[in-house]
Amino acid sequence: MAILNSFTTACLKNIPGNALNKHLFFTLRAFYNSQSRSVLGISEERAISPPIGLERTTVKNLKEMPGPSALANFIEFFWRDGFSRIHEIQLEHSKKYGKIFKSRFGPQLVVSIADRDLVAQVLRSESAAPQRGNMDSWKEYRDLRGRSTGLISAEGEDWLRMRSVLRQLIMRPRDVAVFSDDVNAVVDDLIKRICVLRSQESDGATVLNVNDLYFNYAMEAVAAILYECRLGCLENEVPQETQEYISALHLMFSSFKTTMYAGAIPKWLRTIIPKPWEEFCLSWDGLFKFSLIHVNKRFEEIKTQLERGDEVKGGLLTHMLVTKQMSLEDIYANVTEMLLAGVDTTSFTLSWATYMLALHPHIQQQIFTEVTNTLGPEKVATANDVQHLPLIRGLVKETLRLFPVLPGNGRVTQDDLILGGYFIPKGTQLALCHYSTSLDDENFTEALDFRPDRWLRKDTSDHVDNFGSIPFGYGIRSCIGRRIAELEMHLLLTRLIQKFHIGLSPLTDEVKAKTHGLLCPGAPINLQFIDREIQT
Ligand code: HEM
């Protein structure tokens, strides 16, 4: 890997080897918290009155805000399996109660915002260190094991300090462009894997449940960047320690409801119902263990290279280890949280993108034409080529608009706020309803249609500054991995379209979205990958 070479090398020149010796839901979690339990104990009864001078006729207080009752919420979520329908409930409630409404979950009051301009108002007026929601259980685990918080779980000064280091390294497209070769090597392996998998099916074309494949791709690619090593996720035999990590990750998501609420269970109850908290800790143990192995391995390699007087070259991890802008514990925590955040998000988006391509062959053909006109039949795209492939970028944006992996996001207000004519006191949990705004015809023409080319027209309201669709969030606390995720998705989708005609397998019925932690396919997506004829 030849990444950040010059910077790293320059830093290393001044770092003696022995000095080095001394020296990982999230949003979703916050969103679920916002739907569930008391974060700050704010209730509308406690809500203070509008500031003097503001007429009550123009500014209403929370008591006057419409919304379902606590009982209705309870029945909806616990009785009618609302957890897997959070995205649909968001839509139903915004149609029934309006674009700003309140919900009650026990003592917790949540103000939901399903309006593009109000979402913009909240995010544009954020403080220097915005808070998504309550992360107490994540912090409790870390305190218990003597671990640090990473970007997802940290707040305040700690968060600001780490964010300012990481944003310098991976927030701009050009920062991550250097990872093109590493990601393309993983794309090569994925293509080989597709050929193996389809050869095992009777039609010689189908890959069953493509999400499994994309999961392995996303994990391999993000690890190539974060750990600067390959994990073997796309091999026939996945190595044991990688399998153990995948199990920990699956435990985290499969026990989503229980683990997400683990921290909500009073500590005294844990002796009577120990399982949720135990599983929560167990999955985190597995995730941290994996990061420790890989970070420590790289750390030892650097030490050896320095002791031998060799030049140390490397990527993101090398840079973090060498510059010591973050402690080793902070590095463990951040790579752990980034790996957790970076796998399912990307793989679900890839599953939806290829499913939509299969459902819309004429759109697939348009994108194929763009790709071959720009690259020819065989040139492997790099990050620099992606700027000349607007439909590939539009494909990812449109997929994330229709299927925002995080259908909602959370914020805790850090100041009193007047929003949509209501007075919202400081400390109120807000739920930003991205799924509803994304599918709103007021924000996007014929919003239910899949039209990647809508993102090409700068003169319409469909264009990017539309807060109706902000799948990576917005502003200072937005997704730190956005550019990495985009790079992985752009390079893979370009190559898939270049190489295969992607069709729907007869084994696939209509696939609807469900919320399982993230917005994911509610049934396996089985696709056919048919080789394209190379035109000479
Ligand atoms: C399609 C892929 C992805 C989507 C849609 C996505 C979406 C999001 C969203 C909506 C947030 C919350 C932003 C906010 O509160 O304003 C977030 C936060 C975050 N994401 Fe992503 N993400 C993706 C991939 C990744 C990847 C690949 C990584 C790591 C390499 C990553 C790491 C993180 C981290 C660490 C945070 C917390 C940032 C902070 O609090 O400072 N994400 N992501």
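Biologist: At roughly what angle do the axes of helix 10 and helix 22 cross?

Modeller: This is a predicted model, in which local features need pLDDT of at least 70 and side-chain atom pairs count only at pLDDT 80 or more, while totals for chains, interfaces and linings use all residues. Residues are numbered from 1 along each chain as its sequence is written. Axes are lines fitted to C-alpha atoms, for helices over the stretch in contact, with angles from 0 to 180 degrees between N-to-C directions. Here the axes of helix 10 (residues 180-199) and helix 22 come within 10 Å and cross at roughly 45°. Helix 10 and helix 22 are therefore oblique to each other, a class left over once angles under 35 degrees (roughly parallel), over 145 (roughly antiparallel) and 65 to 115 (roughly perpendicular) are set aside. The crossing of these two helices is right-handed, the near helix being turned clockwise from the far one by less than a right angle.

Biologist: Which residues of helix 10 and helix 22 make the contact?

Modeller: Two residues are in contact if their C-beta atoms, placed from the backbone, lie within 7 Å. Helix 10 contributes Ser180, Val183, Asn184, Val187, Leu190 and Ile191, and helix 22 contributes Leu487, Glu488, Leu491, Leu492, Arg495 and Lys499. By class, these residues of the contact between helix 10 and helix 22 are 7 nonpolar, 2 polar and 3 charged, where Ala, Val, Leu, Ile, Met, Phe, Trp, Tyr, Cys and Pro count as nonpolar, Asp, Glu, Lys and Arg as charged, and the others, Gly among them, as polar.

Biologist: Which residues come nearest to the ligand?

Modeller: A residue is near a molecule if its C-beta atom, placed from the backbone, lies within 6 Å of it. Of the 29 residues around the ligand, the nearest are Ala341, Gly342, Gly473, Cys479 and Gly481. Two or more residues of the shell come from each of helix 3 (26-34), helix 16 (328-342), helix 17 (344-359) and helix 22 (482-499), these elements being DSSP runs numbered from the N terminus (helices H or I, at least four residues; strands E, at least two). Helix 16 gives the largest share, 4 residues, and the shell as a whole has 16 nonpolar, 9 polar and 4 charged residues.

Biologist: In what order do the 4 strands of the open sheet with mixed pairing lie?

Modeller: Two strands pair if DSSP finds at least two bridges between them. The order of this sheet is 1-2-7-4, and strand 1 (100-105) and strand 4 (409-412) stand at the edges with a single partner strand each, so one side of each is left without a neighbour in the sheet. Strand 4 pairs with strand 7 (residues 429-432) in the antiparallel sense over 4 bridges, and Gln429 in strand 7 is the bridge partner of Val412.
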